[in-house]
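User: I'd like to go through this model and ask what stands behind each label. Can you set the values against the cut-offs as we go?

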Amino acid sequence: MEDYRGGFMQYTIARTEQLSAPDGIWEREEWQEAETLEVTHFSWEDSGHHPKTQARLLYNDTTLAVIFCVEDRYIRAVAEKYQDGVCRDSCVEFFVAPLTESDVYFNFEVNCGGTTLLHRNPHPEARERGEQRTGVSEADWRTVALAHSMPRIVEPEVTESKTWTVEYHVPFALFHKYFDGVRHDTGTRWRANFYKCGDQTSHPHWGSWAPVDTPRPNFHVPASFQTLVFA
């Protein structure tokens with residue numbers, strides 16, 4: 001596939017001096033400081049259900065904050081515990097490579113009920129050579145503060161239109177533990193992509209912020225990641 005390498009899309013992460021504990025409120029005052037990005041690329045054949053999915057990021061000295069807002073329908077969440085396959089549920093995902101010259105990345109996958117999967121993923125070529133992804137320990141994940149607007153389990157599926165949010169605050173210490181040489185000072189550039197999926201909902205779909213050029217749905221394509229700049 002074409003290697004975009006952050007070549008044509010950019011998101012600027014605003015710095016904030018006020019970062020409240022996460023509550024999932026998209027309209028909260030400090031979130032109005034942030035740029036809004038939208039998942040608009042639905043590159044693969046799917047059910048035709050393309051929920052409006054937006055995300056915002058903020059940071060301060062210690063924390064990277066992420067919030068998603070989804071105007072959805074056919075909402076389902078059955079994953080019960082950390083590291084379950086949440087992509088099968090109504091799910092939002094943030095894949096981020098925090099080292100400028102490396103394709104090693106975290107995949108934050110969070111369903112509408114707040115259940116999460118998170119790994120440190122090697123460069124795709126290293127994975128082909130047998131290097132394995134590393135599951136982030138549950139103890140380390142518990143350093144992340146998270147809020148969600150839907151119940152943890154949503155079954156049966158909600159079929160009427162509904163807006164839901166997920167917000168989580170990741171301490172930079174977590175990045176430092178799993179990646180050597182991470183920086184997050186003004187002007188630093190990371191690379192990332194943002195996704196919406198629902199593999200085993202009644203209306204499966206796969207959307208991304210930056211386009212992904214693969215024949216089948218696949219979010220694990222760091223060549224598609226685009227630039228994040230710390231303001």
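User: How many residues of strand 15 (residues 226–230) are buried?

Analyst: Five of the five residues in strand 15 are buried, so the strand is mostly covered. Buried means under 20% relative accessible area, exposed means over 50%, and partly exposed is in between (1.4 Å probe, protein chains only). Strands are DSSP runs of E with at least two residues, helices are runs of H or I with at least four, and both are numbered from the N terminus. Before we go on, this is a predicted model: local features need pLDDT of at least 70, side-chain atom pairs count only at pLDDT 80 or more, and totals for chains, interfaces and linings use all residues. Residues are numbered from 1 along each chain as its sequence is written, and side-chain values use heavy atoms, leaving out hydrogens and water.

User: What makes strand 1 (residues 10–15) and strand 15 a pair?

Analyst: Two strands pair if DSSP finds at least two bridges between them. Strand 1 and strand 15 have four, and they run parallel.

User: Why is T53 called buried?

Analyst: T53 has 0% relative accessibility, and the limit is under 20%, so T53 counts as buried. T53 sits in strand 3 (residues 52–59). Its contacts (heavy atoms within 4.5 Å) include F68, C69, V92 and K196, not counting residues up to four places away in sequence.

User: Which residues touch the most other members of the largest nonpolar core?

Analyst: F94, F175 and F194 do, in a core of 57 residues. Strand 4 (residues 63–72) gives the most to this core, with seven residues. A nonpolar core is a set of buried Ala, Val, Leu, Ile, Met, Phe, Trp, Tyr and Cys residues joined through side-chain atoms within 4.5 Å. There's also a second, separate core of 16 residues, and C91, Y195, V221 and F225 are among them.

User: Why is the F108 and Y168 pair called stacked?

Analyst: Rings of Phe, Tyr and Trp (its six-membered ring) pair if their centres lie within 6.5 Å; planes under 30 degrees apart count as stacked, over 60 as edge-to-face, the rest as tilted. F108 and Y168 come in at 5.6 Å and 25°, so they pair and count as stacked.

User: And why is F108 with F175 tilted instead?

Analyst: Those centres are 6.2 Å apart with the planes at 55°, so the rings pair but fall in the tilted class. F108 is in strand 7 and F175 in helix 3 (residues 172–178), 67 residues apart.
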